[in-house]
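Keep the viewer open and try each task before reading its solution.

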Amino acid sequence: MHPFQYQRASSPAQASAAVAAQPTAAFVAGGTSQLDLMKEGVLHPELLVDVTPLGLTSITPLEGGGLRLGAGVSNTAAALHPLVRQRYPAVSEALLAGASTQIRNMASLGGNPLQRTRCPYFRDPAQPCNKREPGSGCAALGGYNRVHALFGASDKCVATHPSDLAVALAALDAQVQTLGPGGPRVIPFTELHRLPGDTPQQDTTLAHGELITSLDLPAFNGRSHYLKVRERASYAFALVSCAVALEMEGKKIRRARVALGGVAHKPWRLPAAVETMLAGQKPSEKLFRAAAAQAFAEARPLEHNAYKIPMGRNLLVRALLETSGLQPLQGPAGTAFAASVGGVSGEVAAQ
Ligand SMILES: Cc1cc2nc3c(=O)[nH]c(=O)nc-3n(C[C@H](O)[C@H](O)[C@H](O)COP(=O)(O)OP(=O)(O)OC[C@H]3O[C@@H](n4cnc5c(N)ncnc54)[C@H](O)[C@@H]3O)c2cc1C
Ligand code: SF4
């Protein structure tokens, strides 16, 4: 590990200024992602600014019915908070479907959406990787690309974004509150992450030194749900995942919002045309199958990841069936059991 300086932040403004002033500096919160990458020789910051002394650990109801989740809240605390569980079960389910209890206890809500890709070539400094070393090439393009992207990739990078929480936040239209060198700003969550294009080294639209202070969930009176397919029933990243937020009017869907995980460089919100297809309709398997077919019509598989297309279509149908109540959840809403597809991923893929 390369030597680095460590500083405890004294205020959000001081933390932001300290990172902004040093080109390789980074924030660290729980350290479950940042420190791993430093130990693996992927990242070499000269300064780490620890943001845990800032607190930012409250969960506060917002006027109008929303909920503010401080960036320093642990994944565990957020997942188990009664208001999160009751009003936004997709958020609890996504958090509890991620990592292990020990990691969730350390991990923070600010750090989680900013974790880096799990592309194995990114994590191996012996391999060419445009994200780790711009201009060096992309080992995944001609390599083993089973866990890589179906949508929005470029010839420079085909990586996927790994956070489960981010998928739920994208479906719920959360907002990100930040404090950066240019002052405070609010970013729609769907605009936090970017597609790789020619600059895959940039994962997000944040400026260097821009600190996330909270994630705001808007008021929501509908049903939300998260489903994840992975290689093991726990402690594994999503091959494909799906978050659904449905608002009903009587027996019809008034508004549907859907995001997919494991398929792109950012949480992949379905095209507006697909979400609109569901609005004003009575839930039915036929409708959901038609929407899923549309959702994957533009998928561009690589050599080894075409299996994600039927898997993703079937997962999306199931997530819509379960969220609309046409099919029971696998477990109580807001728990890890509800997020599980049960059995092995092949069952979902094979249908
Ligand atoms: C074995 C293992 C399995 C895992 N499985 C999953 C999984 O299945 N699903 C999943 O979603 N995640 C999974 N994770 C990832 C884990 O959830 C994240 O590492 C964690 O949420 C990151 O939070 P942290 O506080 O530890 O961030 P850190 O590691 O401290 O930081 C991560 C990044 O965020 C930045 N950062 C931190 N806080 C802020 C802030 N307030 N403002 C701006 N930048 C900030 C840091 O500079 C860094 O770039 C797994 C991790 C491990 C090690
Ligand atoms: S897919 Fe992206 S992260 Fe993976 S090797 Fe290629 S450039 Fe690097």
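The exercises below concern a predicted model, and each task is followed by a worked solution.

**Exercise 1. Find the residues that surround ligand 1, and say which come closest.**

Step 1. Select the shell: 31 residues surround ligand 1. The closest are Phe27, Ala29, Thr32, Ser108 and Asp164.

Step 2. Look at which secondary structure elements contribute. Strand 2 (26–28), helix 2 (34–39) and strand 8 (211–217) each supply at least two residues of this shell.

Step 3. Sort the shell by residue class. The shell around ligand 1 holds 14 nonpolar, 13 polar and 4 charged residues.

**Exercise 2. Identify polar contacts of ligand 1 with aspartate 164, isoleucine 212 and alanine 99, then state how much of the ligand the protein buries.**

Step 1. Start with the side chain of aspartate 164: one of its polar atoms lies 2.7 Å from a nitrogen atom of ligand 1.

Step 2. Move on to the backbone. A polar backbone atom of isoleucine 212 is 2.8 Å from a nitrogen atom of the ligand, and a polar backbone atom of alanine 99 is 3.1 Å from an oxygen atom of ligand 1.

Step 3. Turn to the surface area. Ligand 1 taken alone exposes 970 Å², and the protein buries 92% of that.

**Exercise 3. Which space does ligand 2 take, and what lies around this ligand?**

Step 1. List the neighbours. There are 14 residues around ligand 2, with Cys119, Cys129, Cys138, Cys157 and Val158 coming nearest.

Step 2. Classify them: 10 are nonpolar, 2 polar and 2 charged.

Step 3. Ligand 2 takes the space of the largest cavity, whose volume is about 90 Å³.

Step 4. Check the lining of that cavity. It has 16 residues, and Cys119, Cys129, Cys138, Ala140 and Cys157 lie nearest the centre. By class, the lining of the largest cavity divides into 11 nonpolar, 3 polar and 2 charged residues.

**Exercise 4. How many cavities of 30 Å³ or more does the whole structure have, and what lines the second largest cavity?**

Step 1. Recall the idea behind the search: rolling a probe the size of a water molecule over the atoms shows where empty space is left.

Step 2. Count: the search finds 2 cavities of 30 Å³ or more.

Step 3. Describe the second largest cavity. Its volume is about 70 Å³, and its lining includes His161, His193 and His265. This lining has 1 nonpolar, 6 polar and 3 charged residues.

**Exercise 5. Describe the second largest pocket by volume and lining.**

Step 1. The volume of this pocket is about 360 Å³.

Step 2. Its lining counts 23 residues, with Arg118, Val147, Phe237, Ala238 and Leu239 nearest the centre.

Step 3. Those lining residues divide into 10 nonpolar, 7 polar and 6 charged.

Terms used:
Residues numbered from 1 in each chain as written. Chains lettered and ligands numbered in written order. Predicted model: local features only at pLDDT ≥ 70, side-chain atom pairs only at ≥ 80, totals over all residues. Heavy atoms only, no water. 1 Å grid on protein atoms, 1.4 Å probe; cavity = no way out; pocket = protein on both sides within 12 Å on 5 of 7 lines; lining within 4 Å. Points joined across faces, edges and corners; volume = space filled by probe spheres on them. Nonpolar A, V, L, I, M, F, W, Y, C, P; charged D, E, K, R; others polar. Near = heavy atom within 4 Å. Sits in = over half its atoms within 2 Å of the grid points. Polar contact = N/O pair within 3.5 Å; in protein donor to acceptor, adjacent residues only side chain to side chain. Areas by Shrake-Rupley, 256 points an atom, 1.4 Å probe, with all protein chains shown as cover. Helix = DSSP H or I, 4+ residues; strand = E, 2+ residues; numbered from the N terminus.
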